[in-house]
Each structure stands twice: as C-alpha cells, then as structure tokens.
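Colleague: Please take a close look at one part of this model, the pocket and what surrounds it. Keep it brisk.

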Amino acid sequence: MLVLARKPDEKVVIQTPVGEIVITCVRAGKRQIRLGIDAPANCNVLRQECFLPRDEIELVRETIREEWAA
C-alpha cells in the first residue's frame with residue numbers, strides 16, 4: 001500500500017490503460033478530508049461500503065428496520 005500526505009489542492013494521478021484518474025485533496029481537517037476524483041466515464045468509482053458481502057448488507061438492513069421500528 002502506498003501512503004501519501006497531501007495538502008489541499010495537491011493531486012495524485014493514477015495512470016491506467018483507459019485513462020488517468022486524478023485524486024485531488026479538496027479540504028483537510030483534523031478528523032476528515034474531502035477528496036475530488038476525476039476518472040474516465042467508463043471507470044466506476046465506488047465507496048468501499050458498496051462492496052460489502054450480501055449477508056452483511058442484509059444484516060445492516062435488518063438493524064436499520066429494527067431501529068426504525070423502535
């Protein structure tokens with residue numbers, strides 16, 4: 001894993017066969033950063049939670065239903 005430090009407005013460029021992905025540090029705070037991601041239209045950019053296994057997704061749904069019912 002490559003770990004980088006970036007200040008606001010600094011970028012990281014990832015070159016792929018389908019084009020460049022540019023990640024920009026938009027804002028950095030003590031507990032949170034905001035990233036801007038420019039990627040080719042045929043490249044999906046998803047958050048990690050979109051990759052949860054189906055059983056974990058169903059567990060999250062059940063927990064939410066129970067909390068709303070209470």
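Modeller: First, a term: a polar contact is a pair of N or O atoms within 3.5 Å; within protein, one must be able to donate a hydrogen and the other to accept it, and residues adjacent in sequence count only if both atoms are side-chain atoms. By that rule, the side chain of Thr24 makes a polar contact with the side chain of Lys11, at 3.3 Å. This is a predicted model, where local features need pLDDT of at least 70 and side-chain atom pairs count only at pLDDT 80 or more, while totals for chains, interfaces and linings use all residues. Residues are numbered from 1 along each chain as its sequence is written, and side-chain values use heavy atoms, with hydrogens and water left out.

Stay with Thr24. Thr24 lies in strand E2 (strands are DSSP runs of E, at least two residues, numbered from the N terminus). Thr24 is buried, at a relative accessible area of 12% (buried means under 20%, exposed over 50%, partly exposed in between; 1.4 Å probe, protein chains only). Leaving out residues up to four places away in sequence, Thr24 touches Asp9, Glu10, Lys11, Arg34, Leu35 and Gly36 (contact means heavy atoms within 4.5 Å).

Now Asp9. Asp9 sits in the segment before strand E1 (11-16). Asp9 counts as exposed, with 63% relative accessibility.

The bridge partner of Cys25 in E3 is Leu35. E2 and E3 run antiparallel, joined by six bridges (two strands pair if DSSP finds at least two bridges between them). A hairpin of four residues connects E2 to E3. Of the six residues of E3, zero are buried, so E3 lies largely in the open.

Then the largest pocket. Its volume is about 160 Å³. A pocket here is an open set of points on a 1 Å grid over the protein atoms alone, where a 1.4 Å probe fits, with protein on both sides within 12 Å along at least five of seven lines; lining residues have an atom within 4 Å of a point. The volume is the space filled by probe spheres set on the points. The lining consists of Leu2, Leu4, Arg6, Glu10, Val12, Ile23, Thr24, Cys25, Ile33 and Leu35. Strands E2 (19-28) and E3 (33-38) are the elements that give two or more residues to this lining. E2 gives the most, with three. The lining residues divide into seven nonpolar, one polar and two charged.

Technical notes
Ala, Val, Leu, Ile, Met, Phe, Trp, Tyr, Cys and Pro count as nonpolar, Asp, Glu, Lys and Arg as charged, and the others, Gly among them, as polar.
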